[in-house]
Amino acid sequence: MTRILGIETSCDETSAAVLEGDGDNVAQKSLVILSQDVHRVFGGVVPEIASRAHLTSIVPVVERAIEDAGTTLDDLDAVAVTNTPGLVGALLVGVSYGKALAFSRDIPLLGIHHMEGHLFAAALEHRDAVPPFTALLISGGHTLLLDVEAWGRYKLLGATRDDAAGEAFDKVAKLLGLPYPGGRYVEQLARDGDPARFRFARPMLRRNALAGDEDYYAFSFSGIKTAVLNAVRSSKNIDEDKSHIARGFQDSLIDTLVEKTWRAANSFSRQRVVLGGGVACNRTLADAMRTRLEPEGITVFKPSPRLATDNAAMIARAAFFRFEQGERAGLDLNAYATCPIPGLIAA
């Protein structure tokens, strides 16, 4: 029985988790997530503040995760830490702590790609959320559509050419005077909106699109953001219109995500779709995805909100695969703001 401690500090959550098991039979023994609410004041994450908060939080968070798991540091078989992508200062806190801990206990160290962690998140709760499947990873910094042949073999089919889906939610929320982070507030507001009042274009969804076209799987959300800005500026009563604007924006973004995901699942004959990342918390998106795909025999898996947002359990889960592949990181492990997901193969 392998026992791995996961550490996640890529942005503004300090998180630690302990998992144990082998292969795809892995159990989550603990998960601690400490969020930094101070960033709400600034309407976005301030990197320097995030890094300093990680410094004060990392030790108690790890200690609590170890205690909740009913184990000790001496019982760990490996330490896994997010080392890319993310805010470099924030990543360095986790990487430095993880390296020191692994060295002090003379156990293996693994550096884990944050987005690969999101790929594994749903598998912690759904035993069938395993390859082969189509994956849609949607967060504040990324929108990625992948075909997952097997763990460690990923075809990147499409990505955003500008704003990520989560970033678009946050920017639209700000335009509508909603709190940060904006995703859940936009979704709540959109429930009372009339879908016919504001209809925004569905970017890169040409009716005559073919699988070989460059934009067939690609995303672009900057245009929707601009359309919302224009709608807000031209509104004569924004308090009356903002729920309708939120509905129009969300419908446009969700229709785009659903259609692109269907294209990928259909092209590669996948019977499973896995959602990951903070935007996967959006219930309207999950419902729309199931409505579109399940009649065609495609099952949609999504992690619970606690595992969809940034957390250390998904990092430890990805580490199990890498650990069993014999991968190890040296004490020269570094943090990188951006880096391709390991295991990418030609689409």
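Trainee: What makes the R3 and E20 pair a salt bridge?

Mentor: Their side chains meet at 2.9 Å, N to O. The cut-off is 4 Å between a side-chain nitrogen of Lys or Arg and a carboxyl oxygen of Asp or Glu, so the pair qualifies. The model is predicted. The pair links distant parts of the chain: R3 sits in strand 1, E20 in strand 2, 17 residues apart.

Trainee: Why is E20 called buried?

Mentor: Its relative accessibility is 15%. Buried means under 20%, so E20 counts as buried.

Trainee: What makes D215 and R206 a salt bridge?

Mentor: The closest N and O atoms are 3.0 Å apart. The limit is 4 Å, so the pair counts.

Trainee: Why does the E294 and R290 pair count as a salt bridge?

Mentor: Its closest N and O atoms are 3.9 Å apart. That is within 4 Å, so the pair counts. E294 is partly exposed at 40%, and so is R290 at 27%.

Trainee: How many salt bridges does the structure hold?

Mentor: It holds 23. D163, E167, K171 and K225 are linked in a network of them.

Trainee: How do you know that H113 is buried?

Mentor: Its relative accessible area is 5%. The cut-off is under 20%, so H113 is buried. H113 lies in strand 5.

Technical notes:
Residues are numbered from 1 along each chain as its sequence is written. This is a predicted model: local features need pLDDT of at least 70, side-chain atom pairs count only at pLDDT 80 or more; totals for chains, interfaces and linings use all residues. Side-chain values use heavy atoms; hydrogens and water are left out. Helices (H or I, at least four residues) and strands (E, at least two) are DSSP runs, numbered from the N terminus. Buried means under 20% relative accessible area, exposed over 50%, partly exposed in between (1.4 Å probe, protein chains only).
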